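I opened this structure to look up a few things for my notes.

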Amino acid sequence: MTSPGLHVANPDGFWLDDLAVGMRFHSPVVLLREEDIIAFAEQFDPQTFHLSATAARDSFFAGLAASGWHTAALSMKLLAQALPLATGIIGKGVEIEWPSPTRPNDELGVVARIDTITPSKSRPDRGSITVGYQTLNQNGDIRQRAHHAHRLETRRWSSGRSTGC
């Protein structure tokens, strides 16, 4: 189902020339369970407020909270599903904020929009885009806000590669 300004993912991936500033994309939703939070923390961010609901009660978060990096990893997966790029998401930089902690049983989804498109001045077969997105839970709480810059090719690049040009 789409709404005005919402675009459905292209199964073959989007090229630079398929996109327009203001296009919006929604990802599927993923459920984050307590055991997922703890398993990620054990491997990548072993802090007590990520490892134990009991210990986390007395922390800054006043309860178990997913690592921001766990939220970022899930958000990246969801962004790739919402906005598949034909040549992959090749990052040039990112700014990330975590305005509220991700909690057990949060159902996370990404809402993304194309903020800028900049064709290359020296290479007409490519350019860059910036994508702003929010990772929201089932209540609409923002768990992550990010802006990514990506390198992206045009269809011309694709046809030039396939013919050996």
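In these notes a helix is a DSSP run of H or I with at least four residues, and helices are numbered from the N terminus. The model is predicted, and I kept that in mind throughout.

**Entry 1: Ser-75**

I looked up Ser-75 and found it in helix H4, which covers residues 68-82. Is Ser-75 buried or exposed? Ser-75 has a relative accessible area of 0%. Buried means under 20%, so Ser-75 counts as buried. Next I asked which residues Ser-75 is in contact with, leaving aside neighbours within four places in sequence. I noted Val-110, Tyr-133, Thr-135 and Gln-144.

**Entry 2: helix H1**

I moved to helix H1, residues 34-44. I listed Ile-37, Ile-38, Phe-40 and Ala-41 as its buried residues. They cover an arc of only 165° around the axis, so they sit on the same side of H1. On the other side of H1, I found Glu-42 and Gln-43 exposed. What do the buried residues of H1 pack against? I traced them to strand E2 (30-32), helix H2 (48-51) and H4. H4 is also the helix that holds Ser-75.

**Entry 3: a salt bridge across the sequence**

Side chains of opposite charge can pair when their charged atoms come close. I searched the whole structure and got 9 salt bridges. I took the one between Asp-18 and Arg-155, where the closest N and O atoms are 3.0 Å apart. Where do the two partners lie? Asp-18 is in the segment before strand E1 (24-26), and Arg-155 is in helix H5, residues 155-162. I then checked accessibility. Asp-18 is partly exposed at 25% relative accessible area. Arg-155 is partly exposed too, at 40%.

I looked at Arg-33 next. Arg-33 forms a salt bridge with Glu-35, with the closest N and O atoms 3.1 Å apart. The side chain of Arg-33 also meets that of Asp-36 in a salt bridge, at 2.8 Å from N to O. How exposed are these residues? I wrote down 37% relative accessibility for Arg-33, which counts as partly exposed. Glu-35 is partly exposed at 46%. Asp-36 is partly exposed as well, with a relative accessible area of 21%. Through shared partners, the salt bridges join Arg-33, Glu-35 and Asp-36 into one network.

Notes: Residues are numbered from 1 along each chain as its sequence is written. This is a predicted model: local features need pLDDT of at least 70, side-chain atom pairs count only at pLDDT 80 or more; totals for chains, interfaces and linings use all residues. Side-chain values use heavy atoms; hydrogens and water are left out. Helices (H or I, at least four residues) and strands (E, at least two) are DSSP runs, numbered from the N terminus. Buried means under 20% relative accessible area, exposed over 50%, partly exposed in between (1.4 Å probe, protein chains only). Contact means heavy atoms within 4.5 Å. The arc is that of the directions from the helix axis to the C-beta atoms. A salt bridge is a side-chain nitrogen of Lys or Arg within 4 Å of a carboxyl oxygen of Asp or Glu.
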